[in-house]
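Please read it beside the model.

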Amino acid sequence: MTERVPHRNPWLVLAGFFGLVAVVAVVGALAATSAKDVYARLEQPPWAPPASVFGPVWTVLYVMLALSGWLYWRTDGETRGFAAYGIGLLFNLLWTPLFFESGAARVALADIVLLDVVVVVTIVLFARRSKLAAAVQVPYLGWILYATALNAAVVVLN
């Protein structure tokens, strides 16, 4: 006789994804307490957004990121997809402390380039099971590619 795995409540799993992403957001927020001052002191390219844009954009993107993971989970997603998703969250978590608290803009640039690659891989893996889960990550990819260019510009200008 085989043992049945209990079916998990999808709403509790969604809450778990929001909790996981919230940890990344909170670590970023705690590491960004001096971000406004640091950002203001840096030589910026003319296309850099005002510091006030980052909070609202990241709030929306974090919600979308949690939703994407949950949508993928609902398809009985593969371990590789979840591994890429988790590695992406780790690189995301590391960037803010590297850039703002450590002042290591070059190391942060390497981190965000790796994040770009991991998010592309995540989108490809998610798309195999859920086009919607993959599509929800596309705005996130667009924003981090923009942030990568901004990080690179800061390295060059400073």
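The points below take up a helix pair, a pocket and a cavity.

1. The model is predicted, so local features need pLDDT of at least 70 and side-chain atom pairs count only at pLDDT 80 or more, while totals for chains, interfaces and linings use all residues. Residues are numbered from 1 along each chain as its sequence is written, and side-chain values use heavy atoms, with hydrogens and water left out.

2. Helix H5 (residues 105-127) and helix H6 (residues 131-157) have axes that come within 9 Å and cross at roughly 165°. H5 and H6 are therefore roughly antiparallel (angles over 145 degrees). Helices here are DSSP runs of H or I, at least four residues, numbered from the N terminus. The contact of H5 with H6 has 21 nonpolar, four polar and three charged residues; Asp, Glu, Lys and Arg count as charged, Ala, Val, Leu, Ile, Met, Phe, Trp, Tyr, Cys and Pro as nonpolar, and the others, Gly among them, as polar.

3. The largest pocket (an open set of points on a 1 Å grid with protein on both sides within 12 Å along at least five of seven lines) holds about 650 Å³ of space. Its lining (residues with an atom within 4 Å of a point) has 28 residues, and Phe54, Trp58, Trp95, Thr96 and Phe100 are the closest to the centre. H6 gives the largest share of this lining, six residues.

4. One cavity of 30 Å³ or more is found in the whole structure; a cavity is a set of points where a 1.4 Å probe fits but cannot get out. The largest cavity holds about 40 Å³, and its lining includes Leu65, Gln137 and Tyr140.

Conventions:
Axes fitted to C-alpha atoms, helices over the stretch in contact; angles between N-to-C directions. Helix = DSSP H or I, 4+ residues; strand = E, 2+ residues; numbered from the N terminus. Parallel < 35°, antiparallel > 145°, perpendicular 65-115°, else oblique. Points joined across faces, edges and corners; volume = space filled by probe spheres on them.
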